[in-house]
Amino acid sequence: MKKLLLFIAFLMSLNAFAQTPIQAFYTASLIPEDSNITSYDLVTSASGPNQSATGANVVWNFNDLTQVTTTATTVLAASANDIANYPGTTMAVETTTQGGNPSYYYLGTSGSATSLTGADTSQMTIKYTNPALIGNFPMNYGDSTSDTVAGTFTGSGFSGTFTGTTSTSVDAYGTLTVNVGFSGPKNVTRLKTLQNLSLVYMGVPVGTLTQTTYSYYSSDFMLGPVFRSINSHIVVAALSIDQTQNTLEVYDQMANGVEDFNNRQKVVIAPNPVKDVLHIEGDAAIESVKIIDTTGRIIAEGKSNDIPVNQFPAGIYQVLVKGQSGSKSLKMVKQ
């Protein structure tokens, strides 16, 4: 009996300290773009989720979350334009907030290594001349990496360069419970990513950007994290800027299981990249089309499947298509 109890205790200890490796930062899917969309809930927290605990068998209960809106994340193979603008890029992570403009994070993979090569949001565009190594996947609890980074940025009305460091660690695992998005506790492994950047304008240091990201991965969802928090703090003394922004996203299991994001209709841009005329093909009548530049400005509108774009500069644009079954945001690459 004593040996049996010891054996059971041994099995229980193995179960208590088991953790699932993080297979990839994001997984590029080979399914068509129209189906390769994952819905998340953008949420707020009244008290702020307590993420200070590290180590084994942590219990996270984020039960005061309130949904604000929905976002859609699509992982795409890098286009020729992506690679030209962000060298080393192999995939782009596109995130669109319902009714808003898309943002893009560009990643490069080489063997087991994944690096951040750039970011393009409504607030700032960042290009890494020295990419930020995120890690060598799969990553297990206790794994960590650090790297020096450098590049250029454009935002807040000025452009410059940056240098700094990035560090990543798998610092905890345990169970995660939320009151929005998915039901029941999930066994998760957490990845912490920290970037400290020094911003330089015309050769003079002007400020800092610190970003801390916690990404929680579950073995039953392989495309990306099931919960993510991003804390960004930017300081530019010359412009009296001292801002902190917190973003919380929860994987919406119900939306991904039973309905399409934003009631999207099947529409595509063909061909893409576009040279002279934007041509839209779809399975429903088009009511309106809006073309939006990277600053969020509507630069063209129409109600047909063909819109001249030969006068636009080369670059990436958002195309918002509205039809009988809803709206869909597409990415247009203008040659």
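Analyst: Here's a walk from the whole chain to the cavity, and then on to some aromatic residues.

A word on the ground rules. This is a predicted model, so local features need pLDDT of at least 70 and side-chain atom pairs count only at pLDDT 80 or more, while totals for chains, interfaces and linings use all residues. Residues are numbered from 1 along each chain as its sequence is written, and side-chain values use heavy atoms, with hydrogens and water left out.

First, the overall picture. The chain has 335 residues, and 46% of them count as buried (under 20% relative accessible area; exposed is over 50%, partly exposed is in between, with a 1.4 Å probe and protein chains only). Its secondary structure comes to 3 helices and 20 strands (DSSP runs numbered from the N terminus: H or I of at least four residues for helices, E of at least two for strands). Among contacts with a separation of 6 or more, 57% join residues 24 or more positions apart; contact here means heavy atoms within 4.5 Å.

How far can you trust it? The average pLDDT (the predictor's confidence in each residue, from 0 to 100) is 83, and 84% of the residues score at least 70. Strand β2 (residues 55-62) has the highest confidence, at 96, and helix α1 (residues 2-16) the lowest, at a mean of 37. pLDDT stays under 50 over residues 1-17, where the model has 5 contacts beyond four places in sequence. It also stays under 50 over residues 257-265, with 28 such contacts.

β1 (38-45) and β3 (65-77) each supply at least two residues of the lining, with β3 giving the largest share, 3 residues. The lining divides into 5 nonpolar, 5 polar and no charged residues (Ala, Val, Leu, Ile, Met, Phe, Trp, Tyr, Cys and Pro are nonpolar, Asp, Glu, Lys and Arg charged, and the others, Gly among them, polar).

Tyr26 takes us to the aromatic rings. The structure holds 11 aromatic pairs. One of them is Phe25 with Tyr26, edge-to-face at 5.5 Å centre to centre and 90 degrees between the planes. Rings of Phe, Tyr and Trp (its six-membered ring) pair if their centres lie within 6.5 Å; planes under 30 degrees apart are stacked, over 60 edge-to-face and the rest tilted. Tyr26 counts as buried at 9% relative accessibility, and Phe25 is buried too, at 14%.

Finally, Trp60, Phe62, Tyr216 and Phe227 form one aromatic cluster. Phe227 lies in strand β12 (residues 227-236) and is buried, with a relative accessible area of 0%. Beyond four places in sequence, its contacts include Phe62, Leu65 and Tyr216.
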